[in-house]
Amino acid sequence: MPASTPIPGRLNPEAPENGYESPGLLEEAPVFFSDLDMVNSGEERRRTGYNGRDDVADTERSNSRTGTSPQTSNRADEEKAAKDIEAGTGGVGKVGFRDRIACYTWTWFTMNMATGGIANVINGIPYKSEWLRIIGVILFLSNIVLFLINCVFISIKFKIRPGSFTASFTSSSESLFIPASVVSLGTILINMCQYGIPYTGPWFQTVMQVCFWAYVSLSVIASSGIYLIIWSTQSFPIHMMTPIWIFPAYPLLLVAPFAANLIAALPDAAAAIRINSIAIAFGAVCLQGTGFLVSLMIYSAFIYRLMTQKLPRETTRPGMFVSVGPSGFTVAGLVLLGNTGIWKISPNEHFGNENAEFILRLISLLVGIWLWGLCLWFFLVSVGAHWQIIKPDDKHQIHFDMTWFSFVFPNTALVTATFTVANSLDSRALRIFGTVLAVLLIMMWIYVFGMMIRALALRRILWPEQVDGAERIRRRWARQIEEAKKQHSGESQ
């Protein structure tokens, strides 16, 4: 019998890269939550480290117990197993509502981020009308309902699966998305300023003042805490880097937009003095700078990864749009503060200089235009990276998971930044450009939301052994590898 020839490299059993996972060994003991049984918890939580070969091992063990070889297996059973793998069910039994809720993850809060961001975009459209305001209010109220639903469902998941809450902080697929819950709350608070303050009294202004400082405290704790836990328990090599690494800094990036919208919605300077808007404005600038500089340092790692490893895998490429957000939210916050908030916080009285208002507005505008160009550049790069994926063929495909909302939320920062720069420059061209982007973004939100509902109906998300659709992709990849290896083995013999 001739000696078997080596398998070509293209047939090596390597599953597609998952840019949100850490390759750290299970035997490594984490610094935080070290009492968790990370090895034996596979039955209690989803298998985020699935490598595409578990189905083959399960089949071999089953055949060894029954004395049946793969060559004599029933053809119908093989076809049924292939369909199960393709569908992502993995041969599981009857799945009920409780089982689906047990699959809930922090990534579901990205839906709230996107919905609140769209309400923010609609409020910023310079061509005002009553029907636009009504649509924005509907989205704002719907987002509150969706946020509460997410909070209830993920709390139920933590209740029925003891230990899953603390495990999510050390999970390579979930920990980066925990700040999504804080960002979702931030978008709701911004919408409350936009759609609530102009139609309420001083009591609501005081409520939003308290909410601002509460959010500041929460964002600082969430951002620094998540990064500290990640750096202490996980290892992310540079070849797996995606802009999702920036995500824990996102709560800080909403502080300036929150402060700017809060001050801009106030009726007069007296109201601004009553809620101490000077402290709000300067505190927001401080924390916004912190969030942006942290993101900027991670930007450098992303550029290095692109230069040395090319673009990320197709399944993780939607996360590239996260790089649009830091500069976009910074522009939206600083320029809005300089354009509409400076005169309300009375800078002339504070600095004792009659030109202080003009100087601050000019500085905010120049910095905003500078960073707006960076925001637009990352947007164009991210769009170009997805160009080959949208071609109508079978070679390039990505399937829905909750990270698709990255197509929406970070880009709301670009749109709102464009509106603020346009208003500051009084540019009709930029207003039209921003409105076109807003319409396209609203259409994208409708499409992604519809795909989410479709994925729910097709059991591609919130289903055992699924990680927001990625598990099904890895299973199909593994099946194709096994078929190619068998075919190559038969040819060599």
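Trainee: What makes R431 and D426 a salt bridge?

Mentor: The closest N and O atoms of R431 and D426 are 3.0 Å apart, and the term asks for a side-chain nitrogen of Lys or Arg within 4 Å of a carboxyl oxygen of Asp or Glu, so the pair qualifies. This is a predicted model, in which local features need pLDDT of at least 70 and side-chain atom pairs count only at pLDDT 80 or more, while totals for chains, interfaces and linings use all residues. Residues are numbered from 1 along each chain as its sequence is written, and side-chain values use heavy atoms, with hydrogens and water left out.

Trainee: Why is R431 called buried, and D426 exposed?

Mentor: Buried means under 20% relative accessible area, exposed over 50%, and partly exposed in between (1.4 Å probe, protein chains only); R431, at 19%, is therefore buried, whereas D426, at 56%, is exposed.

Trainee: How many salt bridges does this rule give?

Mentor: The count is two, and R133 with E130 is also a salt bridge, at 2.8 Å from N to O. R133 has a relative accessible area of 28% and is partly exposed, as is E130 at 49%.

Trainee: Why are helix 7 and helix 8 called roughly antiparallel?

Mentor: Helix 7 (residues 179-196) and helix 8 (residues 202-233) pack at an angle of about 160 degrees. Angles under 35 degrees count as roughly parallel, over 145 as roughly antiparallel, 65 to 115 as roughly perpendicular and the rest as oblique, so helix 7 and helix 8 are roughly antiparallel.

Key. Axes are lines fitted to C-alpha atoms, for helices over the stretch in contact, and angles run from 0 to 180 degrees between N-to-C directions. Helices (H or I, at least four residues) and strands (E, at least two) are DSSP runs, numbered from the N terminus.
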